[in-house]
Amino acid sequence: MAARGFPYNDLKDFLAALERAGELRRVDVPVDPTLEISEVVTRTVRAGGPALLFEHPTRGEMPVAINLFGTEKRMAMALGVESLDEIGARIGALVKPELPVGWSGIREGLGKVMQLKSVPPRKVKTAPCQEVVYRGEDVDLNRLPGLQVWPGDGGIFHNYGLTHTKHPETGKRNLGLYRLQQHGRNTLGMHWQIHKDSTAHHAVAERLGQRLPVAVAIGCDPVVSYAASAPLPSDIDEYLFAGFLRGERVEMVDCLTVPLQVPAHAQIVLEGYLEPGERLPEGPFGDHTGFYTPVEPFPVLHIEAMTMQRKPVYHSIVTSKPPQEDHGLGKATERIFQPLLKLLIPDIVDYDLPAAGVFHNCAIVSIRKRYPKHAQKVMNAIWGAHLMSLTKLIVIVDEDCDVHDYNEVAFRAFGNVDYARDLLLTEGPVDHLDHSSYQQFWGGKVGVDATRKLPTEGYTRGWPEEMSMSPEVTALVDKRWKEYGI
């Protein structure tokens, strides 16, 4: 991980790096942001293809960058590492509870403190994101090549806008990633969900009868773009986290019309406010669940200023049932936050969040089983762990099961379970977008204990030994393999 001089100042730097690595293709023919770009991107993602830069969208005034994070390789490039597990290892080292021992331990401890001290955002006076400024009547969202991704969508959406708000009483900042429906040339629908911190900020502003200032940054550097999607606790600043990932401070600049700061190297910034009590119908929208979410009332952002770089690049993402570009984002979150989940629940050896479960519907967890009903204890702990509370299906396996090998997991879950005894059924919160729950926001959950059962759990038959070939024969066949001519 780069400690200083992170490789990408902005989105354009990242695109150049992707192109040098053979991970970017330029599309130099006109392509329609209404449906056509979506179909091209979906086919590219499912073929394991590259990031795309549509240089001549038929709507809007700038190129569209998309599928930047669609593979684990590109996600690792985005975060400046060879492997996503490198970041988890850094976090794991920082949260180790041991006291330093000797001079080397003290030096290591000081190094950790200085690493954290160096990463808060840094304010600058001038910024590339304000090279071009439109105010008042000159604001026109049609300058942006927003996408209509699916035929039943309610219109044009901006799908990678990083939304900035502050708590009206405490001043605590939040950075979130929410879809934005274009209602008019200077208004957007704010689809922030019930569990999100910005929703809480807006609720406080409405209680006080105040407008809530909002700033939306589009086309940020890849680390900031990832940090906006990360499921951080509300007391962790996203820009502190982004600075930690970068190994250097993120440059921020004051907005021109609202009391907020935005990334200085964003491509585009929208500044505005929400009127207390105002709502407009938002949706339908073809979401990552693979289904259209229904029309619901959501707040309306009135944009007073639009600023941008000269020759900006517009960043977006296509949403659909898996596999889709959010695979890279979800896997990054899984790996980066593994040490924190293990710190909270030390019983966990490893976990996997399958893309087919859109990363929050299913968790596969391995444990070092030590006592009766240990698996059920871990299930309940996961349902109490921040946004892991939204998980609908938890499968617990023994530590010798590779949670990333779905065939092996299925073998355990299908064969190691007495479904009359080894299921834990409960209810709890589910994702705002979950269409299967009979009540919005909450529904049923199940935990599957696919571990070896103990006599103290009532299993008295004696758990059988799993078959495996002797090491001597394995080594012999390895040595002679070419002789067999197979």
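Is F69 buried or exposed? F69 is buried, with a relative accessible area of 1%, where buried stands for under 20% relative accessible area, exposed for over 50% and partly exposed for what lies in between, using a 1.4 Å probe and protein chains only. The model is predicted, so that local features need pLDDT of at least 70 and side-chain atom pairs count only at pLDDT 80 or more, while totals for chains, interfaces and linings use all residues. Residues are numbered from 1 along each chain as its sequence is written, and side-chain values use heavy atoms, with hydrogens and water left out.

The aromatic side chains come next. The structure holds eight aromatic pairs, a pair being two rings of Phe, Tyr or Trp (its six-membered ring) whose centres lie within 6.5 Å, called stacked if the planes are under 30 degrees apart, edge-to-face if over 60 and tilted otherwise. One of them joins F14 and F69, which are stacked at 6.3 Å centre to centre with 20° between the planes. Because F14 belongs to helix α1 (residues 11-20) and F69 to the loop between β3 and α3 (72-78), this pair ties together parts that are 55 residues apart in sequence; helices (H or I, at least four residues) and strands (E, at least two) are DSSP runs, numbered from the N terminus. F14 counts as buried at 0% relative accessibility, and one aromatic cluster is formed by Y8, F14, F69 and Y160.

The rings of F157 and F285 have centres 4.6 Å apart and planes at 50°, so this pair is tilted. It links distant parts of the chain, with F157 in strand β6 (residues 157-166) and F285 in strand β14 (residues 285-286), 128 residues apart. F157 is buried at 0% relative accessibility, and F285 is buried at 2%.

Rings also meet charges here: the charged end of R90 sits over the ring of F244, 4.1 Å from its centre, and that of R211 sits over the ring of Y273, 3.7 Å from its centre. Such a placement requires NZ of Lys or CZ of Arg within 6 Å of the ring centre and within 35 degrees of the ring normal.

Helix α2 (residues 36-46) has as its buried residues I37, S38, V41, T42, T44 and V45. Seen down the axis of α2, these fall within an arc of 165°, so they line one face of the helix, the arc being that of the directions from the helix axis to the C-beta atoms. What covers them includes β2 (51-54) and β3 (64-66), with contact taken as heavy atoms within 4.5 Å. Just after α2, G48 takes a positive phi of about 70°.
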